[in-house]
Each structure stands twice: as structure tokens, then as C-alpha cells.
Amino acid sequence: MGKKKGCDKKTFLDSFQASSPAFKLRTRGIDETYFYDDTKIRVLSYEPLNNRDLLLLLSLLAFCKPNGVVGIPGGLREKMNLKWEYESEGMTIRLSWRKLAEICGLSWNGQLKAQLHKSLFRLWGIGFHTLRADGKESAWHLLAYEANDDLVEISINPRLAQALNLQNPTVFRFVVYNLDIMKGLSKIGFFLLFYLSARLDEGGTKTFFLETIKNGLWQQEEVSSELARKRTLSIRIAFKELADTGLWDFSEDTDSGRVFVTRKKRKWAKAG
């Protein structure tokens, strides 16, 4: 089982951001355990995720909120492997592969459908198991889908849908915020954005150690000094990418290894 970790979010359902510490740059899959209040959450997957996988996931969440139908068809319910109790229905969307590419901001080509299909399969492979102090537990896949050559039907799991479905409006803002700027980022920049957004609210400033960020983006493992140097350089390039969006500021104290990060506040138009 993976390492036990804490998080400053009060509960898993407070925000989709809470699950983001498990999504890091990897050469292997995920097996990590986190604690939120009285709930233990184990996150597992057999394959590493890439930035296209996460782009697809966030695009689905952003599209699902105004366009999703509450409920899960029976076939997809079985594929989601829901066990024990859950508090709400999931959200389901049905669309063409071309439309799926469109909501991800990707230009359609002959290979894209196969790539999106592989990303969907990897996302389906992410499993969650939660165990509360009162003994209640649940286990499920992140999503389930059915597809043919033309169409794909996707259901988001009930726990994630509950966090998204108007109970916490900041989740939707978090998703849209990322979609606005992520498409021009490198792979490291993408994961850094995901990492920092989960730990720093808009309008806030926080101090990080550079080593902490490195451990947050990559699996903790023995690496050569040359690889460590390359990773540090990659993070500094990613700092510049995020700063160039006009929405982040970074100041690094190389002597102490500290990085001072500011996430600027954005003006949001009223929904509807």
C-alpha cells in the first residue's frame, strides 16, 4: 500500500482538488493512501497518467456540469464497480468522438479517436476505496464508458459528481480556470498547475520548498544528481510558463530553496 499522507482539505467531497495529490508525473501507476477528516482514501491505478489524460478528465467535468444528465445507465453502473453506499447519482454524457475532442480543445485528426480512447481507458482504471471511522466504506472507478466508432457515453462516479454538482461552486471554477490556460503548457507545467491549484486559493500567497514541489510532481525515488538537476530546471521553466499566463507570480530564494508563490485573483462572470 502507498504512503499515508495528510491534506489540508477538510473532506474528500469538499473539492475535486483533494484528489489531485495522487496525479503526479510517474513511470508507474498510483497506489497511495490519504486521510481527510475521519475518512481514509486509497487511490490506485495500474498505469501512469499523462497530461492528455488529465486534460480529458477536467474537460469532461467542465462539460458535464451544464450538459450532463443525472443518473447512471445500468451497464455503466456495473463497469464503475460501485460497492456499498453512496450519497448521490452520477452524471452521464453522450457525445461523438469529434465533440469530445472539441471540448478538450484538440484539433481533430485520424489518430485522435484512438488516443482519446486510450485516455478514457486509463481514467477508468483509476480506483478509489474509502473507509470511514464508523466502518462505512465504498469502492468505485473514477468513471465508466461505453463506445462505438461514432459515439461515446461516459458516466462520472457519484462521489465526484456530488462534489461537482452545485454543492461546491468553487470546484467548477477550478476546472474552468485550468482549462483556460492548460492547453499551452508543457507536461511539467500542466502538472505543476494541477499541484499548485490544489494547495493555494485565488488571491493567496504561499511559501514552498523547491524540493517539496519536486517530490509532489514526481514519485519519491532515488535519482542521480544529473536527473535531479534536470528536474529542477524543468520546474523553473514551468514557473515561467505559469507566470506568462499573468495569473501566477513566482519568486525563488536559491540560498534557502524556498519559492514564494502568488495565485492572482480572477474576476468571474455570473453563471447563467
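How many bridges join strand β4 to strand β6, and which way do the two strands run? I looked this up first, keeping in mind that the model is predicted. I found two bridges between β4 (residues 69–70) and β6 (residues 91–96), and the strands run antiparallel. For V69, I noted T92 as the bridge partner in β6.

**Other side of β6**

I then followed β6 to strand β10 (residues 151–156), where I got six bridges, again with an antiparallel run. T92 turned up here too: S155 in β10 stands opposite T92.

**Helix α7**

Next entry: is α7 buried or exposed? Helix α7 covers residues 187–197, and ten of its eleven residues are buried, so the rest of the structure largely encloses the helix. I wrote down the buried ones as I188, G189, F190, F191, L192, L193, F194, Y195, L196 and S197.

**α7 against α9**

I checked how α7 packs with helix α9 (residues 225–244) and got an angle of about 75 degrees, with the axes 9 Å apart. Roughly perpendicular counts from 65 to 115 degrees, and α7 and α9 therefore fall in that class. From α7, the contact uses I188, G189, L192, L193 and L196; from α9, S234, I235, A238, F239, E241 and L242. Sorted by class, I have eight nonpolar, two polar and one charged residues in this contact.

Key
Residues numbered from 1 in each chain as written. Predicted model: local features only at pLDDT ≥ 70, side-chain atom pairs only at ≥ 80, totals over all residues. Heavy atoms only, no water. Buried < 20%, exposed > 50% of the residue type's maximum accessible area, 1.4 Å probe, protein only. Helix = DSSP H or I, 4+ residues; strand = E, 2+ residues; numbered from the N terminus. Pairing = 2+ DSSP bridges. Axes fitted to C-alpha atoms, helices over the stretch in contact; angles between N-to-C directions. Parallel < 35°, antiparallel > 145°, perpendicular 65-115°, else oblique. Contact = heavy atoms within 4.5 Å. Nonpolar A, V, L, I, M, F, W, Y, C, P; charged D, E, K, R; others polar.
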